[in-house]
Amino acid sequence: FFSSRRRHTRLQGDWSSDVCSSDLDPAQMDSIRQLIDLDNFTDYWIGTIYLGKTTSGHNQCYWRVRTPDPDSYRFAHDGRWRWLAFDFDNAMFDEARDDFSFGPYFVYDGLLRQLWKHPAYVEIFVNRFADLMNSSFLPQRMVGRIDSVEQLIAPVMPYHIARWSTPSSMSDWQDGVDVMRHFAQQRRSEEHTSELQSPCNLVC
């Protein structure tokens, strides 16, 4: 792993020459795929946008194995950069938040901004977004996941609250869980889906 400054500088140096070109030809796209796990990168940003993470502009974490072994059977030992789901405590509380109009154009991550200029990548992004809207982000699935995690950690929450005093009480914690559940149920509503669709004519 690299420190934050070195990590960002090294990653930016790796991809900048290809992504900043006027357009991405197939060879350049293959080159980018050799540097980063593009599917992982795309899923990270779709999740960030759909879940309304308010700190997406700066709270990011990406990593790679320092000494890659392309022949290794172990996950991620190919040496490509990957993104972690990081600092999502500021997410899933505003179902009307429109990060789709913000993220690809203004976010601090220059890689996303540059890739968004290329129709080939926008098509990849939009198709994957549609896939996830009709699978992982279905309200019943999201609520089911929230319910299962709630049941898993509820028994230990009194100990957590006693030690850290945050949240302030079990009822406060439950209120927060209910906010996420409401978000999951309403994010795909007709009122808000149009905001998510408009930048790319995304069809869910």
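A salt bridge is here a side-chain nitrogen of Lys or Arg within 4 Å of a carboxyl oxygen of Asp or Glu. The model is predicted, so that local features need pLDDT of at least 70 and side-chain atom pairs count only at pLDDT 80 or more, while totals for chains, interfaces and linings use all residues. Residues are numbered from 1 along each chain as its sequence is written, and side-chain values use heavy atoms, with hydrogens and water left out.

**First stop: the salt bridges around Asp37**

Select Arg82 and Asp37, whose side chains form a salt bridge with an N to O distance of 3.1 Å. This pair links distant parts of the chain, 45 residues apart: Arg82 lies in strand β2, and Asp37 in the loop between α2 and α3. Helices (H or I, at least four residues) and strands (E, at least two) are DSSP runs, numbered from the N terminus. Arg82 is buried, at 4% relative accessible area; Asp37 is also buried, at 11%. Buried means under 20% relative accessible area, exposed over 50%, and partly exposed in between (1.4 Å probe, protein chains only).

Next select Asp78, which pairs with Arg80 at 2.9 Å, N to O. Asp78 is partly exposed, with 32% relative accessible area. Through shared partners, salt bridges join Asp37, Asp78, Arg80 and Arg82 into one network. The count of salt bridges by this rule is nine.

**Second stop: a nonpolar surface patch**

Select Val149, Leu152, Ile153, Val156 and Tyr159, which form a nonpolar patch on the surface with about 510 Å² of accessible area together. Such a patch joins nonpolar side chains (Val, Leu, Ile, Met, Phe, Trp, Tyr) within 5 Å, from residues with over 30% relative accessible area and no salt bridge. Areas come from the Shrake-Rupley method with a 1.4 Å probe. Helix α7 (residues 139-153) gives the most to the patch, with three residues. Leu152 is in helix α7 and is exposed, at 65% relative accessibility.

Finally, display α3 and helix α6 (residues 119-133), whose axes come within 10 Å and cross at roughly 60°. Axes are lines fitted to C-alpha atoms, for helices over the stretch in contact, and angles run from 0 to 180 degrees between N-to-C directions. The two helices are oblique to each other; angles under 35 degrees count as roughly parallel, over 145 as roughly antiparallel, 65 to 115 as roughly perpendicular and the rest as oblique.

Note on methods: Patch = residues over 30% accessible without salt bridge, like charges linked within 9 Å, V, L, I, M, F, W, Y side chains within 5 Å.
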